[in-house]
Amino acid sequence: MTAAEILAVAAFAEGRHAQAFPSFGSERTGAPVVSYCRIDDAPIRTREPVMAPDALIVQDVTLVHQVDLFAGLSHDGYVLINTSRRFTELGFEDHFVDFDQERLLTCPATEIALEHVGRPMPNAALLGGFAAFTGQITLDAIQQAIRDRFSGVVGERNAAAAKAAFEFVTNAKEEFLHASTN
Amino acid sequence: MEIPFAITLDVGSSRSNHTGSWRVERPVYVDRLPPCNDACPAGENIQGWLYYAESGNYRRAWEKLVEENPMPAIMGRICFHPCETACNRVQVDEAVGINAVERFLGDLAIEKRWSLPIPGSDTGKRVLVVGAGPAGLSAAYHLRRLGHQVKLVDSASQLGGMMRYGIPAYRLPRSVLDAEIARIVAQGVEVELNHVVHDVERERIDGKFDAVFLAVGAQLGKRVNIPAGDSSRVIDAVTFLHQVAEDDPPLLGRRVVVYGGGDTAFDAARTARRLGATDAVIVYRRNREHMGASGDELEQALGEGVTVRWLSTVNRFEGEKMVLEKMALNAEGFPEPTGEFEELDADALVLALGQDTDLSLLNRAPGINITNGVVSVESSMMAAPSGIFAGGDAVPADRTATVAVGHGKRAAHGIDDFVMGNDRSPKVRHGLATFDRLNTWYYADAPRQRRPELERIRRQSTFDEVIGGLNEDNALFEARRCLSCGNCFECDNCFGVCPDNAVRKLGTGERYEFDYDFCKGCGICVTECPCGAIEMVPEKI
Amino acid sequence: MTNQPVHFYQVGSFAVGNRLLRDDQRTVQSNTDRANSIDSGHRACQGCGEALGARYALDAAMRSCDGQIVAVNATGCLEVFSTPYPETSWRIPWLHSLFGNAPAVATGVAAAMRVKGREDVRVVAQAGDGGTVDIGFGCLSGMFERNDDVLFICYDNEGYMNTGVQRSAATPPAARTATTDVVGPEPGNVFGQGKDLPRLAMAHDIPYVATATVADLHDLEHKVERAMELRGARYLHVLVPCPLGWGSASNETIHLARLAKETGLFPVFEAEHGVVTNATQIRRRVPVQDYLSLQRRYAHLFGAHPRPDVVARIQSIADANIARYGLLDDSDQEVSV
Amino acid sequence: MLRQIEGSRAIAETVALCRPEVVCAYPISPQTHIIEAIGAMVKAGTLAPCEFINVESEFAAMSVAIGASAAGARAYTATASQGLLYMIEAVYNAAGLGLPIVMTLANRAIGAPINIWNDHSDAMAVRDAGWIQLFAETNQEAADLHVQAFRLAEELSVPVMVCMDGFILTHAVERVDILDQATVDLLLPPYEPRQVLDPADPVSIGAMVGPEAFEEVRYLAHLRQLDALERIPVIAKQFAEVTGRASGGLVSSYRTEDAQTIIVALGSVLGTIKDAVDMRRDLGERVGVVGITSFRPFPGDAVREALRPATQIVVLEKAFSVGFGGVLSTDVAMSLQGEQHVLRNVVAGLGGRAITRRSLEELIATAVRGELPVLTFLDLDHEAVDRERTRMAGTRRSGPSAENLLRDRGTVGVSTSRSDS
């Protein structure tokens, strides 16, 4: 929920309408959790869960085979997965055959978090990566929302993690373009 | 505040709901006759004067007391206090020390020189009182209160009768006796001493008396025929005590035998000890259970070295040898001779076998009826229609000073009715306040206060008073031990325990009243009244 | 009578008052200016112990805080007989909400007074035994645990008398009610059940817990005054005989309360912060049958088929109380039966 | 001030602006975030003077509020679902005593089977308690309604329940304009109790009222609710004048002018319905929406007015009276007496079942075609129901239906419990 909330706050900061909400349930630490974020230029009225996401952020890759993660995902949708492995090493290329390959990406968010925050909390890094990945939101907005949520040192460290991930993803995109043009 | 309908209500509005209509029985306050008052021969309102003593208002208490009995300091010493025998408190712990408090009040009054109530306005009637013992003095006092002129005559040289000539000083100090008698005389009583009345009728007519009260007492010591040698000293107790009282004691020697078992016997024996007798022996034909004297008297006598030979009679008295015969009680408890004899060394024999009255002065009086040596009287103490009344030891009754005082009072009222021509309707007596009507839970445990006693050595040698008095503290304590049987003493219980607030408290001395608008008749007040001064009566429906 | 050192012998400390006593030695009830918190005209039965207990306790409370009191009342006899529209017998601000919530409502009143800076207004909550030990116990325990500034008074008549004498957790063993066997081999309430609420209250370590009866006014008023001196949660458990429910004569109400204490069946004591600080000694000990035989709810123990064995079990409960609270000097532990 | 904020937080901050003096609550999902936030403000001293009391049950929570309110304090609490049912005796009592308590109800289903998700069964269960019940469509409206609720409650001495959908609103982070203190103070004067426990002016509150007056007491309560029908629009109007924002009122209409079919609903689902309506309008279907903000008192006249244009009324509600059907639809039917509408009833979103725009669009299409049955259960899994009924017909001991259905679905039963947060 934290990630969706920070993303919504960041979007709000950029003057857009946003709506973040969890897959309402009895959340226990470690249990599979889905949360949603809508971003729009117009007021958001609907209260239905997001049935067809434009983007999907996976915090825990081990859940991939438990839940039908990719249901409703359109073929031009973005997928950002938290792992140090490459997307092609995850063993579900078949599912993404007809997808826009440059919108499928992985990012070692947990490692970045351990490096900058000192704890395995990948939210900030994933949001930084998402900013670089989709361009739907600026790194500044993300960092500001992070600082609103976590005060002081913790806020700064998470902001740094977001920045690091932003850079990582930017490079990864360039590498991909480089590779595809060759 | 403007309150919402029905769910919110103005306080106290339930007073419009008169729950008294639920009642089938109603409580009512009553007054009942306390057993002490009931038992007092002098007709004292004991609870009445204790009520004031409880609050430390001793003046008021004394005034209440002397309405009935003008000699509390004397009675507080010599009365056998049947009030204490009757006292309900006996069933809780010990009787209230009424006698001690009475004496305390009497002594305090003497000390403070309190005076008796002013005599009533003169009725112009004249009354002759013959005999200045307790009956005569009591009569004189009450007659003066009723406004009659009183002439008090006595054959002796001083007033007091048996109180002076029969009761030793160690039981009744003369100063006390004199003080209380003087106070009565000061009421305007004409006194003539050393005057022997030979013919009452004559004196009544000559003196133009409207009535006469005879209180001549029983002055003649009974004699029995005991073989005795000429040299043997034999004397009757009355004479003996009379002589002692007049500071002219007879010489009895060191070994004195007193024959008899009544108080007089003990008075004689204890007096003999004080006069120097080394042996003072009481010979009594029955045993301790049957003796006439009080237990206190016996204890005090033994404490002073007097000895007692129970179940013995004096057979004969020769020289210094006295022969006693042992007795045995038969089934009915009467002593019978056993034929066993024993000797006893003795210098004198004092006979304390009772007294007789000398009624020769009545020989010419018409309408007098004398039986068994005493004068018959009506309840008003009237002995003859010509206006002769009699009381004290001269009439059939217990021969005690307190009874005599009561006679004096009753006779005074009888005489008043006679001379004034009243037709007094007999007073209605309240029902008795019996123990079962009390709720003794509410009475705190309070041990009886003891009066100090004179140490033995002084009792054996002097005529100092043996029994001391209470001090103000323990007198107050003792007074407050009174249970106030049958009469409200404002403990507030009924006011407090009513679940319906249906008792009104009217202020100190005013007691309480029921608010029958709200009293539901539960009866808690009756059950929780300590002194039984409330009872339930059926409602008329 | 440790509470009121009155050196007065005619009626001593056991009567309501006395013309000879100083005002400060008399009970509140002896004064004509008492508050009469619950006034005449209420519809309690003849000889109602609860009506008496409520006036005793609240009048004493009123005196100890200059009348600055708000009372909360649970549903029950007291509430029904005191406030049937259009009349109320109360002379103090009084609120009735429900059967089981008096402690919580009182908590709310106390909170309101605190937030308004009116700590001078003291809050008293009252209920019968049903509203206290049964349906109200959850709220009561919560109020204790939070140590809310409320004096809670339980008027214990040992059953649901308002609804027609049914069993409560305060109904004593062998006592017959409409919901315990009224016939058969073992009529009456069963042994070993029920709640000892004073001890449960003590288990909360609240500042003050005390028991009293309507038979000892000085003691009861002393305990109310002590409770009012303290702040926080305080509990007073008052035994109030019920002529209707106990099958006793209406004039015996106070006498029965006294016997309950003198037998040892109802120990009278005080405790602060969970520790017993004072137990009122038995003054004139009596065997339990003297108490039981005055009540028709125990008639089955005495009639044609007497049950000395059951009476003995009840006596052993009294003996246990006497031992637990030290209600007698060891000298006279024996009952004179 | 405009904030991106969780619904519960927005409510907590707005309630704090209303200067409650006594707040008490017992935790139950999904109400917890509201009282946690208020508790924190009291502890931090930013909400003062205020007594925050942790009670041992919802029954105690409402009871504490009753005591506080009767003693003249502004009292607030919040609950949901089982909690509301656990306090229901006190809920009725607060209304009966006319105590202006405000309570947030984070609407949630009622078990068994235990279910922590949103529907309106809890609000409907206390429909007749004598409380005013206002339903919020958005978190903005929920926040605004609390200010109006205190004003309304204290004007009329009637308790007010602000209903907002559990999780869907309470846990949603969205745009809310939080009022400032000066504005709230302007809208909400200090509490002047109609009756109060005061030693200086004692009264007995809560008398026993017999047959001779009980009906009158109840009728007076009814009249006070009718007064509320007058006051609610006035208060909403004042609110709009001061804040420049329309919130509250009795009913709200969306695209109903010229509409032949109007959907009537309560709460947050109105947003999704509006989206669906827009889509159908684009296809030329003449549909509109009427939201009912004041469910109790029920604004019969306003509803009739709002629905007059249409020929068909579809009442969609997140609760139903088992064995009969809709609750809201019954009230709507009563207020449409004499009118010639076709009335349809749809039960949807029970126990948190998502109400999707797609399902709504199909529903509307069916309705417009005139093919909607009188009573419809939206997105009901008929196969599962039929299988269970066959199983029940077959064996006496077929076991609990809920578990059976889950087993059929292969769904892993989520461990839930009432007290979780």
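Student: What should I know before I start, on numbering and on the model?
Tutor: This is a predicted model, where local features need pLDDT of at least 70, side-chain atom pairs count only at pLDDT 80 or more, and totals for chains, interfaces and linings use all residues. Residues are numbered from 1 along each chain as its sequence is written, while chains are lettered from A and ligands numbered from 1 in the order in which they are written.

Student: OK, how many helices and strands in chain B?
Tutor: Chain B has 18 helices and 23 strands. Those are DSSP runs, numbered from the N terminus: H or I of at least four residues for helices, E of at least two for strands.

Student: And how much of chain B is buried?
Tutor: Of its 541 residues, 50% count as buried, meaning 20 or more other C-beta atoms lie within 10 Å of the residue's own, with C-beta atoms placed from the backbone.

Student: What's the strand order in the open sheet of six strands?
Tutor: In chain B the order reads β5-β4-β3-β6-β20-β19, and the pairing is mixed. Two strands pair if DSSP finds at least two bridges between them.

Student: Which strands stand at the edges?
Tutor: β5 (190-192) and β19 (382-384) of chain B; each has a single partner strand, so one side of each is left without a neighbour in the sheet. From one strand to the next, the twist averages 25 degrees.

Student: Do β3 and β4 run parallel or antiparallel?
Tutor: Parallel: β3 (residues 126-130) and β4 (residues 149-153) of chain B are joined by five bridges. Within that pair, V127(B) has V150(B) as its bridge partner.

Student: Which strands does α7 touch?
Tutor: Helix α7 (residues 134-145) of chain B packs on the sheet and touches β3, β4 and β6 (211-214) of chain B, at about 165 degrees to the direction of β4(B). Contact means C-beta atoms, placed from the backbone, within 7 Å. For the angles, axes are lines fitted to C-alpha atoms, for helices over the stretch in contact, and values run from 0 to 180 degrees between N-to-C directions.

Student: What about α14?
Tutor: Helix α14 (residues 401-420) of chain B lies across β3, β6, β19 and β20 (388-390) of chain B, running at about 165 degrees to β6(B).

Student: Switching topic: how many residues of chain D are in contact with chain B?
Tutor: 18 residues of chain D, against 10 residues of chain B. On the chain D side, β9 (203-205) and α9 (214-243) are the elements giving two or more residues.

Student: How do β1 of chain B and β9(D) pair?
Tutor: Strand β1 (residues 8-10) of chain B pairs with β9(D) in the antiparallel sense, over three bridges. There, D10(B) has V203(D) as its bridge partner.

Terms used
Contact = placed C-beta atoms within 7 Å. Buried ≥ 20, exposed ≤ 12 C-beta atoms within 10 Å, placed from the backbone.
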